[in-house]
Amino acid sequence: MKQPAARAGKRIILQSGHEVRLLQGTLELFPSLVADMDAAKDCIQFETYIFDCTASGEDIADALIRAAQRGVDVRLAVDGFGTGPIPAPLRERFDAAGVQLQVFSAVSQLALLLPRHWRRLHRKLCVVDDEVLYCGGINVLDDFYDPNHGALTAPRFDFAVRAKGAVVEQASDNMDKLWWRMRAVHDARNRRISSAVADLRAAGVARTAARLSDAKTRGMRAALLFRDNLRNRARIEKAYLRAIANARQDIIIANAYFLPGRKLRRALILAAQRGVKVRLLLQGKYEYFMQYHASRPVYGALLAAGVQIHEYAPSFLHAKVAVIDAYVEKPWATVGSSNLEPLSLLLAREANVVVEDAEFAQDLHRRLELAMEHEGELMDPQGFASRPLRQRVLDHIASAIMRSLIWVTGNRY
């Protein structure tokens, strides 16, 4: 009997008239980003979780400084935990050039014991002159370097997009509002109440509606999805659920931290049971013990339903992408910052671009298939079920801790 599709909520509206280009890793992203920032004439808005100037990361810092020196309005927002304290020499260079820097919720590791500090700025966005948007999972962090592990022998596996169209002004507007709210918090803490009130008024000023390109009926269809703790609490997760529910042929998801909740697990299982080929590309070499081991107890049910799980072996997998029905009418693809786990889907600020275009979907599909075939290790269901007792115990302990932490935040997942 054919299984019913999972319920997926309100439909996401994609608009025509976009140009979206897929970029893999910092080797493709950074040169394109630097070229656009060097051509900037008016403004650069930049948000990232990690800002690290090691190796090629310095190219981004230098481009921001050059832009500010020639009079471009440069705003840089970084997460206070992901980035940590900005080194004094870099801070001085930013100040001298006129780069405006704000830190989102600066905290110490000890402060993270309080659940209210778990809401992080995890999205990676850049808008140049209200004309070009960059969005994805790639931090300002060289692909061959990791702050915790040092030099890497193979590049980190991750993606971003360069986009033109209506999503650009939507991103700029959202980033502008967050910028002024952060300014208001900073001014309030320094007892500059009148400035804080002015900042909040600036954050509340609505800009003009996002423009469609002149060719409204041509070009790629796309949408920009935000996840926050106000109006967009479940928008990205619902987009995944609807796309998976509508899948007819093929699903590939590459995700760094994969701990899907009940709805997402059920949607993937139902898709596999109705004959859709479901493949997951997940971390084999992990960055963080907790996220890696907490996710593994859910693998059993997925493998039993026929879902293929490939573990990426050469380096750290950091991608947050998916492609569905790449070779069927109306293919669906997404590239962004949101992992499929509770911290991203329940707490962090995230941003994903959704694209409905055959050429884009097939490009992403080919890259993911190549990674699975040549750089992934296919998980054997029987081997997974018979893994050592010590590993199974660690998996379930990590899972229990993770779910307890979710409960502490007051969320259900």
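Strand E10 (residues 220–227) is joined by seven bridges to strand E16 (residues 350–356), and the two run antiparallel; two strands are said to pair if DSSP finds at least two bridges between them. The names follow the DSSP runs, with helices (H or I, at least four residues) and strands (E, at least two) numbered from the N terminus. The structure shown above is a predicted model, in which local features need pLDDT of at least 70 and side-chain atom pairs count only at pLDDT 80 or more, while totals for chains, interfaces and linings use all residues. Residues are numbered from 1 along each chain as its sequence is written, and side-chain values use heavy atoms, with hydrogens and water left out.

Strand E10 is largely enclosed by the rest of the structure, because seven of its eight residues are buried; buried means under 20% relative accessible area, exposed means over 50%, and partly exposed lies in between (1.4 Å probe, protein chains only).

Strand E11 (residues 250–255) runs antiparallel to E14 and is joined to it by five bridges, with Ile252 standing opposite Val323. Strand E15 (residues 332–336) is likewise antiparallel to E14, joined by four bridges, and in E15 the bridge partner of Ile324 is Trp332.

The loop between E14 and E15 holds Asp325, whose phi is near 55°, a positive value in a residue other than glycine. Asp325 counts as buried, because its relative accessibility is 5%. Another residue with a positive phi that is not glycine is Ser105, at a value near 50°. Ser105 is found in the loop between strand E4 (100–104) and strand E5, and it counts as partly exposed because its relative accessibility is 25%.

Which residues does Ser295 touch, not counting those up to four places away in sequence? They are Phe258 and Leu259, where contact means heavy atoms within 4.5 Å. Ser295 belongs to helix H8 (residues 289–295), and with a relative accessible area of 4% it is buried. The side chains of Ser295 and Tyr299 are joined by a polar contact of 3.5 Å; such a contact is a pair of N or O atoms within 3.5 Å, and within protein one must be able to donate a hydrogen and the other to accept it, while residues adjacent in sequence count only if both atoms are side-chain atoms.

Ala305 lies in the loop between helix H9 (299–304) and strand E13 (308–312), and it counts as buried because its relative accessibility is 17%. Leaving aside neighbours within four places in sequence, Ala305 is in contact with Ile269 and Ala272.

The spaces in the model come next. On a 1 Å grid over the protein atoms alone, a cavity is a set of points where a 1.4 Å probe fits but cannot get out, and a pocket is an open set with protein on both sides within 12 Å along at least five of seven lines; lining residues have an atom within 4 Å of a point. Grid points are joined across faces, edges and corners, and a volume is the space filled by probe spheres set on the points.

The largest pocket holds about 1,100 Å³ of space. It is lined by 31 residues, and the closest to its centre are Tyr49, Phe81, Tyr288, Gln291 and Leu343. Helix H8, helix H10 (342–347) and helix H13 (389–408) each supply at least two residues of this lining.

There are five cavities of 30 Å³ or more, and the largest cavity contains about 120 Å³ of space. Its lining has 16 residues, of which Leu29, Leu33, Phe46, Lys124 and Ile138 lie nearest the centre. Helix H1 (25–38), strand E2 (43–48), strand E5 (124–128) and strand E6 (132–136) each supply at least two of the lining residues.
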